[in-house]
Structures are given as C-alpha cells and as structure tokens.
Amino acid sequence: MLKGRAHKFGDGISTDHIIPGRYAHLRSNLPELAKHVLEDADPAFVSKVRPGDFIVGGSNFGLGSSREHAPLVIKMAGVSAILAKSVARIFFRNAINLGLPVLICDTTKIDDGDELEVDLAAGTVRDKTNGSLLTFGKIPEVMLRILNEGGLIAYIQKHGDIRV
Amino acid sequence: MIVGKTLAEKILSEKSGTDARAGDIVIAKVDLSFVQDTTGPLTVRQFQSSGIGRLARPERTVIFIDHAAPSPASSLSNDHILLRDFSRRSGCILSEAGDGVCHQIVPEAYARPGDVIVGADSHTVTAGGLGAFATGMGSSDVAVAFGLGKTWFRVPETFKIEVNGEFQKGVYAKDLILHLIGKIGADGATYKSLEFHGGAIKKMNMSGRLTIANMAVEAGAKVGLFPSDGTTRQFLVEVGRGNDYRPLDADPDATYEKTIRINASKLEPTVSRPHTVDNTALARELKGTKVQQVVIGTCTNGRLEDLAIAATILSGKRPAPGVRLIVAPASRTVLLEALEMGFIKTFIESGGIILPPGCGPCLGLHQGALGDGEACISTANRNFEGRMGNPKSFIYLGSPATAAASALTGEITDPREVM
C-alpha cells in the first residue's frame with residue numbers, strides 16, 4: 001500500500017515542464033538536475049514534495065521528449081506513483097523502466113493536497129480527503145514484470161534477456 | 001479469411017517471426033539503434049550496469065553528437081568525452097559534432113524500408129518517411145536494444161491518413177502535418193501508427209515525407225509510416241544506397257482503426273501557437289503577431305528543399321528591423337549542398353546567422369535562446385513552454401516559407417503575400 005499526498009497538475013505536462021532542455025548540462029549530475037523537477041509547471045513543487053507523495057496529472061502527461069531524466073527526477077523527488085487520465089507513450093515506458101508506477105485513472109476529483117492510498121495489487125486509489133474510491137487500468141503484463149523487478153535494467157541483470 | 005496487414009503489422013510480423021496483429025505484444029529484431037548526446041550518457045551507464053557487456057551489432061549502433069554541438073558547457077563536453085570513449089571501446093559508430101542531426105543522418109545513411117529502428121530521441125519517427133518502423137524510446141530501452149539487438153513492442157492500431165488533391169502555392173508538407181495535429185490533438189494518436197496514403201502522398205518528395213513522419217510523435221503516435229515506392233528508391237539512389245531499396249506497402253484489405261481524409265487543395269499555410277503543437281491557426285489569421293527571432297532548420301525542416309524555399313523568399317531582401325534570422329542546416333551534407341546552390345550566401349547576404357549542422361536553438365540548450373517576452377517563429381516541431389531556453393517566451397511553428405516570410409515583415413505572415 002502506497003500512502004502520500006497529491007500534487008495536482010493540469011493537462012499536457014510535457015517533459016520540458018518536468019525537466020527543461022536548458023538544464024541538459026546537468027544530466028550527468030543528477031542531484032543538481034533533480035533540484036529543477038517540474039520547475040516550469042510549479043516552481044514550489046521541489047520544496048513541497050515529501051517521500052511517498054503522488055503526482056496527479058490530467059491528460060497526456062509526459063508528452064514530448066524521450067528523456068528518461070524526466071521520470072528519473074520525479075522518482076528522485078520521492079514520488080511513489082504518477083496518476084493521470086492518460087500518459088504519453090515514451091514517458092509511460094520510461095517510468096515503468098525505472099520502477100516508477102504510472103496509473104491511468106480519472107483524476108478529476110482528486111484535489112491538490114488530498115491524502116491518497118494506492119493499492120497496486122487491487123488496482124485502487126482511495127482519496128481519504130474526499131472519501132472517493134477510484135480504480136485504475138491494468139498495466140500490461142510485460143510492463144508489470146519489469147515494474148515488479150524494480151525496472152528494466154534490474155530485470156535484465158536478473159534474467160539476461162527479455163521475454164513476453 | 002485472412003485479413004491483410006497495415007505497414008506496422010507487416011514490419012513487426014517480419015521482424016518478430018510471428019503473425020503480428022494490432023494489440024499483440026512481440027519481441028522484434030532491431031536493425032538500428034542510436035542515441036544522441038543528451039540521452040546517450042544515461043544509455044551508456046544503463047548499458048554498463050545491465051551486465052550485457054557487448055553490443056549486439058556495433059555496425060548498426062550509432063552515437064550522435066548533435067544536440068549540444070559544439071558543446072556550450074564543460075559538463076556537456078565531459079558527456080561528449082564519455083560518448084567518444086564508449087564508441088571507441090564498444091566499436092559502435094560515432095557521428096561527431098558538426099555532422100548533423102541524428103534524424104537527418106539516419107535517413108541519409110542508415111534507414112532502410114522495413115527496418116525496425118529505435119532511438120533515444122522522440123523524433124526517431126522521422127525515418128518512417130522511408131518506410132522504417134522507427135520509434136523513440138528512453139535510455140534504458142535503447143541500452144537493452146544496444147545489447148540484445150531486439151526489444152518488445154505492442155503492435156499499434158493504425159490510423160490511415162488519406163491525402164488527395166494538390167498542394168497549392170505556398171502550402172507544404174509542414175502545413176499538412178500541423179493541420180492534422182490541430183485536428184486530432186496532441187494526444188489524438190497516442191500509441192497509434194499513422195499511415196499516410198493517397199494521391200498527394202504518392203507525389204510528395206522524400207523531404208516532405210520526412211517532415212510529416214518527424215511530427216507524428218506530436219500527435220502522440222508511435223510511428224508515422226509511408227509506403228516505400230519509387231520516390232523512396234530515388235532517394236536511396238541519390239544518397240548512394242540504391243541497394244537498400246525494397247518496395248513496401250500495406251495490404252489493400254488491412255484493418256484501420258479509422259481513416260482521416262484530407263484534401264490538400266484546401267490546406268493553407270498553418271501555424272502552431274504557444275504553447276502546444278495542436279494549438280493551430282492559419283498564418284493569415286495571425287497577421288500582426290510580432291516576432292523577434294526566426295529559426296529555419298532542425299530535423300523537421302532543415303533539408304536542402306527547405307533551405308531552397310526559404311532562400312527563394314529571402315533572396316535580395318533583409319529581415320525587418322529587430323528580427324534575428326537563424327539558419328541551421330540539418331546535416332553537413334545539406335550544408336555543403338546549400339553552399340553549392342548559393343543558398344548559404346543568400347542567407348548571409350540577407351542578414352542571417354548560419355549555425356553549425358545540428359539541433360540549433362530548438363531545445364533551448366545553446367545558441368538562440370529567447371529573452372523574456374520574446375516571440376519566435378521556428379520550422380521546428382515543438383513549441384512547449386520553456387522549450388527554447390525560456391519559459392517566459394513564445395514559440396510559433398510553421399513551414400520554411402512561413403518562417404522566411406515572417407522574417408521579412410517582422411510579424412507572422414502568410415507566405416503567399418511575399419511569393
């Protein structure tokens with residue numbers, strides 16, 4: 001069971017919002033890079049986020065670049081999962097490959113600051129602040145296996161190959 | 001009855017050795033895998049920690065130094081050292097600073113119709129212009145493709161984009177793709193394959209096809225695919241790879257999730273407004289919108305044909321006062337050809353700044369970053385908030401003709417006004 005507070009964002013949060021290209025010179029210095037996570041969407045996010053918290057997005061979360069640094073700095077901020085109405089394809093794969101769950105559900109009723117409980121096995125999100133219970137879409141089997149090993153590289157270290 | 005296949009299903013069937021159908025998960029052989037200098041260092045680290053040890057096919061593995069080329073900062077120079085060292089030790093191919101953008105060099109030198117290509121860059125889709133199933137992935141996925149020579153795919157459903165009619169004067173492939181993205185939205189084709197057909201596509205040159213495929217990802221698509229035909233053959237012959245040609249098309253009875261029909265005759269010069277690509281308007285509707293910078297180039301529109309269009313409009317003229325004109329050819333080959341054709345001289349005489357072949361100002365990493373409140377019209381593919389180095393600036397996207405016309409007037413201009 002994952003527990004934490006919601007940090008609510010709107011539709012179309014791009015990888016440039018999450019970690020802009022102007023910080024590309026910090027990509028081999030991850031602790032410095034991570035200080036700028038989501039800076040162009042909410043400059044205060046980095047000071048507000050606590051380990052275990054959730055990012056709650058709208059539609060097409062993570063659109064844009066293939067930069068894996070985007071989910072990486074979100075994970076480094078301690079975020080335990082991303083909830084969104086829909087998510088861009090490359091970002092989705094990248095997050096799972098880093099062991100960061102991305103859960104597709106109707107996030108309309110979740111407000112900023114709500115206390116959430118996510119049950120990955122049951123596929124549910126309980127909003128303890130407003131009392132609602134949401135269900136999220138199944139993560140495809142191949143991605144679930146990667147997620148359960150803690151990410152793609154950990155999966156390859158263990159199995160030496162990919163199978164579907 | 002056996003139902004026919006889309007281009008995506010055909011290529012993934014061949015490369016997975018299965019009867020691949022939309023929705024299936026398959027393991028497919030990867031014919032080319034590559035990274036660029038902002039995603040490469042993480043790919044190298046992930047590859048090294050994966051324990052795989054060796055590249056599956058060093059001769060089909062490429063590292064491009066194009067995003068920060070030449071490097072504007074010591075930390076990026078150190079990333080370049082890491083990439084050069086990896087190339088030397090692993091035996092993979094290195095494309096150096098100044099050679100050009102990966103998405104231009106891949107079609108020029110590597111991509112073949114029917115290939116599966118993965119690159120750690122979202123605009124890897126560009127090679128779909130010559131019938132390759134080319135898609136962007138992150139560093140971990142490409143690291144594994146480097147080592148295993150294969151990866152997993154969900155076979156995408158396909159939208160058939162049927163384009164008929166004739167492009168009118170001043171209207172180009174860029175206007176078509178901006179129109180399509182405006183119509184279906186920035187997530188209108190998420191996870192899908194966009195497959196382009198119709199009379200106007202058959203007549204389109206490879207430069208236009210690559211522009212359209214390049215922006216498939218801006219509608220969320222996994223790939224943007226064109227049939228491989230006589231135009232593909234001619235392009236491959238011109239780049240010295242005639243033997244890489246093979247004809248490839250979807251089956252006539254393939255199953256499409258939907259068909260979108262576009263009449264090219266009715267298209268007009270189209271522009272994406274800040275801060276999303278699907279926020280489109282006609283260029284003529286934006287008359288009066290001032291710009292301080294004009295960028296012609298990038299992987300979307302930095303080819304010889306694009307520079308020719310811009311040079312024709314700019315020839316013998318100067319940009320409006322207060323407008324910076326920046327030209328970044330997509331590759332060394334394009335730059336050399338543009339020199340021979342006199343386009344570079346035209347740009348310089350028109351007050352333009354020529355940047356080295358590479359990504360140019362597109363991603364805000366160096367050269368051409370915008371100031372607070374400034375607006376730019378660019379031939380690139382993305383106009384997200386903060387993209388060109390400053391979240392307080394505004395980016396408009398259009399064709400090389402629209403960008404060149406806007407440079408002359410200092411405001412967004414329908415190119416038909418100056419042609």
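Reply: For sorting a lining, Ala, Val, Leu, Ile, Met, Phe, Trp, Tyr, Cys and Pro count as nonpolar, Asp, Glu, Lys and Arg count as charged, and the others, Gly among them, count as polar. On that basis the lining of the largest cavity divides into six nonpolar, eleven polar and five charged residues. Please keep in mind that this is a predicted model.

Me: OK, and which residues sit closest to the centre of that largest cavity?
Reply: The largest cavity holds about 190 Å³ of space. It is lined by 22 residues, and the closest to its centre are His67(B), Asp121(B), His123(B), Leu363(B) and Arg387(B).

Me: Where does the largest cavity lie relative to the domains of chain B?
Reply: The assignment for chain B gives domain 1 (26-151), domain 2 (158-266) and domain 3 (272-417). Because domain 1 and domain 3 of chain B both give residues to the lining, the largest cavity lies between them.

Me: How many cavities of 30 Å³ or more turn up in the whole structure?
Reply: The search finds three. The second largest cavity has a volume of about 90 Å³, and among its 13 lining residues the closest to the centre are Gly64(A), Ala88(A) and Arg89(A) from chain A, with Val217(B) and Gly220(B) from chain B. By class, that lining has seven nonpolar, five polar and one charged residues.

Me: Switching to pockets, what lines the largest one?
Reply: The largest pocket, at about 390 Å³, is lined by 18 residues, with Phe235(B), Glu238(B), Val239(B), Glu305(B) and Glu337(B) nearest its centre. Helices H4 (102-110), H8 (206-214), H9 (230-238), H11 (304-314) and H12 (332-341) of chain B each give two or more residues to this lining.

Me: Which helix gives the most?
Reply: H9(B) does, with four residues. Taken by class, the lining of the largest pocket has seven nonpolar, six polar and five charged residues.

Me: And the second largest pocket, which residues are closest to its centre?
Reply: That pocket holds about 310 Å³ of space, and of its 19 lining residues Tyr172(B), Ala173(B), Met204(B), Asn205(B) and Gly208(B) are the closest to the centre. Helix H6 (173-184), H8 and H11 of chain B each give two or more residues to the lining, and at least three residues come from each of domain 2 and domain 3 of chain B.

Me: So what does the contact of domain 2 with domain 3 of chain B look like?
Reply: The C-alpha centres of these two domains of chain B lie 23 Å apart, and the contact takes 18 residues from domain 2 and 22 residues from domain 3. Together they bury about 1,500 Å², 55% of it on carbon and sulfur atoms. Tyr172(B), Lys174(B) and Glu218(B) supply 31% of the area that domain 2 buries against domain 3, more than any other three residues.

Me: How many salt bridges cross that interface?
Reply: The rule finds one across the interface of domain 2 and domain 3 of chain B. Glu218(B) also pairs with Arg382(B) in a salt bridge, at 3.1 Å from N to O.

Me: Last topic, how much area is buried between chain A and chain B?
Reply: About 3,800 Å² is buried there, with carbon and sulfur atoms giving 58%. The contact takes 41 residues from chain A and 47 residues from chain B, and the count of salt bridges between the chains is three. Asp161(A) forms a salt bridge with Lys150(B), the closest N and O atoms being 2.9 Å apart.

Note on methods. Residues are numbered from 1 along each chain as its sequence is written. Chains are lettered from A and ligands numbered from 1 in the order in which they are written. This is a predicted model: local features need pLDDT of at least 70, side-chain atom pairs count only at pLDDT 80 or more; totals for chains, interfaces and linings use all residues. Side-chain values use heavy atoms; hydrogens and water are left out. On a 1 Å grid over the protein atoms alone, a cavity is a set of points where a 1.4 Å probe fits but cannot get out, and a pocket is an open set with protein on both sides within 12 Å along at least five of seven lines; lining residues have an atom within 4 Å of a point. Grid points are joined across faces, edges and corners, and a volume is the space filled by probe spheres set on the points. Domain bounds come from an automatic or database domain assignment. Contact means heavy atoms within 4.5 Å. Buried area is the accessible area (1.4 Å probe) that two parts lose on being put together, summed over both. A salt bridge is a side-chain nitrogen of Lys or Arg within 4 Å of a carboxyl oxygen of Asp or Glu.
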